[in-house]
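Take a look at the model below. Follow how its two chains meet.

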2 protein chains.
Amino acid sequence: MSVYTKNGTVIMENLPSVVSFGTAVGRMEGEGPLGSCFDYVDDSPDFGESTWEKAESRLQQLAFGQALSKGGLSESDIDFMFAGDLLNQCAASGYGMRDNGVSFFGLYGACSTMAESLALAAIFADNGIGQYTAAVTSSHFCSAERQFRFPENYGGQRTPTSQWTATASGCAILGAHYEAPYIKAVTVGNITDMGIKDANNMGAAMAPAAYATLKCHFAAAHSSPADYDLILTGDLGYVGSELLRDLFLQDGITLGDSYNDCGLMLFDREKQDVHAGGSGCGCSAAVLCGHILPRMRKGELRNVLFTATGALMSTTLVQQGESIPAIAHCVHITASDGR
Amino acid sequence: MSVYTKNGTVIMENLPSVVSFGTAVGRMEGEGPLGSCFDYVDDSPDFGESTWEKAESRLQQLAFGQALSKGGLSESDIDFMFAGDLLNQCAASGYGMRDNGVSFFGLYGACSTMAESLALAAIFADNGIGQYTAAVTSSHFCSAERQFRFPENYGGQRTPTSQWTATASGCAILGAHYEAPYIKAVTVGNITDMGIKDANNMGAAMAPAAYATLKCHFAAAHSSPADYDLILTGDLGYVGSELLRDLFLQDGITLGDSYNDCGLMLFDREKQDVHAGGSGCGCSAAVLCGHILPRMRKGELRNVLFTATGALMSTTLVQQGESIPAIAHCVHITASDGR
């Protein structure tokens, strides 16, 4: 039975295992520094579908399918699925996961969704609620651009602080196996709003949320940054990552080389035109499931603090002059079973 | 520790108690048959705010505040909150619940959200993950109309099968008390899509989901409709409710007088111009938290199967010719502690 230790932190008693994981990405992600890590790369942004939204549903199906087949599992083995995405009405998940017969929890955590879904899947698995639970999320550059900003064809200019929504999906399947990596603890964040109103600077809006959640986690776990091989934020990008380092520096804490950001890892900012870095639910999901979890399985990383951040920005409320609420959840993944 | 019994059903071992509940509604809901049940009725649809979206955030804050004060609790007593709504990016929750310091899980289950949030809050409470957990959701007629259909001022005609989105919010707070009502079991549905494409007939899209989830629940709980004082669907409205009765009749099961629908209870269809009935996340939330839970506390109802249904329809994908995926989750609430 999981143990709750105040301020959103839940310690796993049985250390649920990440038994399988899968990814699917677009061409640009396939051409990035982590390109060779992904299970499926499609050269065409439409993934064989007639619209961007349907393409994103397909992406999610592909990542789920890869996670199932790599784990030797079928849909009927999955007892609960936690899924979400950036589309209005979370359509990539709602349409992509229909008719697969899996009990479904729809989530909205913007780009924090991979950590939110992983946290819930871990808590269910740790308490024996279902044999296998799945966490899946996605984003698609073209569906996100036309929903949040302008249709692709418009050719709008992007500001230097803006990030590039990844065309990517990742899925992790959890269960009570004795096989690394394991989920050791999760910290569920609360909504932080520091008054940032620039919808093209989501890194700045999200950095304070990542800072708040990480601080809660360190306090609850009696740990410090030095206890982790890697502290990995979701998609703060260049601007948000620097802000996060600054926020910790004000407390006299240096995040150092063990800190990185999925938005800075997925693309090569020198060669790929992504401005402040990658973003989108699929960014952290694909980096986690394509790059981090395999390295943990190989023993190259032993303790990772995966901290996905979400800007809970509403397009309507931003137009009404409102600021951007943000949230971050963190998941401590370990290669050590502690037994 | 909760017990999982396949097909999405989780049986609570410790029977978490619904320790408090609160509601806030608009004028039309206040003038309906259940008007006297609600904690807060505002004559003005803007709830003192400058936009419909901000009004909906305010609604959610009011319901949460009522639940807290009636339970003698403060925000700092709530360890986890599960919240969602119909707005794009779940903005009523994301903006309404910011800066309250409560660890936050954002959900999207369309009109099924009250059952989804209640199911997760119950599972957390049953497993001792947090002392108090809250489930809250809302909808607002004006914010929903302009997002899903037309702005209010347009004066669009409504079809006979269309439903009226309730301006309402409900919040339930769960904890490990020994005080009725209790949550006994939940059944988490999967996404069902029977090919309905008429976005003005969501009752028809959702009825098969309610049928599927209820059947799973009866099988897992070894129960039949006769075991419940009330089987309550979320907002199938007149069309969907009749379809649900028909679906069960085909199995030789008569739902009978113990079946009702929140969408048919919130408004008086004879006197109020709501066509097929009420809908929206707030409809089932307000009927549950304003009418049903108080009756259970008084002992007037002993076993209620609360089954909220959601049309996971995307406005974009419906325009692309897609059908409407639907989902239903059910929560068995009991007045008996079984001890």
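Eight salt bridges are counted between chain B and chain A in this predicted model. One of them joins the side chains of Asp79(A) and Lys6(B), at 3.4 Å from N to O. Polar contacts cross the interface too: 34 residue pairs of chain B and chain A make them.

Which elements of chain B supply at least two residues each to the side that touches chain A? They are α2 (52-70), β4 (78-85), α3 (91-96), β5 (103-106), α4 (113-126), α5 (141-148), α10 (315-319) and β14 (326-334). The most comes from α4(B), with five residues. By residue type, the side of chain B that touches chain A holds 28 nonpolar, 25 polar and 11 charged residues.

Now take the interface as a whole. Chain B brings 64 residues to the contact, and chain A brings 64 residues. The size of an interface is often given as the accessible area lost when the parts come together. Here chain B and chain A bury about 5200 Å² between them. Carbon and sulfur atoms account for 59% of that area. Three residues stand out: Gln89(B), Tyr95(B) and Ile191(B) supply 15% of the area that chain B buries against chain A, more than any other three residues.

How are the two copies arranged? A rotation of 180°, with 0.0 Å of shift along its axis, superposes chain B on chain A with an RMSD of 0.0 Å. The two copies are therefore related as by a two-fold rotation axis. In chain B, the C-alpha of Leu107(B) is the nearest to that axis, 2.0 Å from it. Both copies use the same surface, as 100% of the contact residues of chain B recur in chain A.

How values were computed:
Residues are numbered from 1 along each chain as its sequence is written. Chains are lettered from A and ligands numbered from 1 in the order in which they are written. This is a predicted model: local features need pLDDT of at least 70, side-chain atom pairs count only at pLDDT 80 or more; totals for chains, interfaces and linings use all residues. Side-chain values use heavy atoms; hydrogens and water are left out. Contact means heavy atoms within 4.5 Å. Buried area is the accessible area (1.4 Å probe) that two parts lose on being put together, summed over both. A salt bridge is a side-chain nitrogen of Lys or Arg within 4 Å of a carboxyl oxygen of Asp or Glu. A polar contact is a pair of N or O atoms within 3.5 Å; within protein, one must be able to donate a hydrogen and the other to accept it, and residues adjacent in sequence count only if both atoms are side-chain atoms. Helices (H or I, at least four residues) and strands (E, at least two) are DSSP runs, numbered from the N terminus. Ala, Val, Leu, Ile, Met, Phe, Trp, Tyr, Cys and Pro count as nonpolar, Asp, Glu, Lys and Arg as charged, and the others, Gly among them, as polar. Copies are superposed by least squares on the C-alpha atoms of residues with pLDDT of at least 70 in both.
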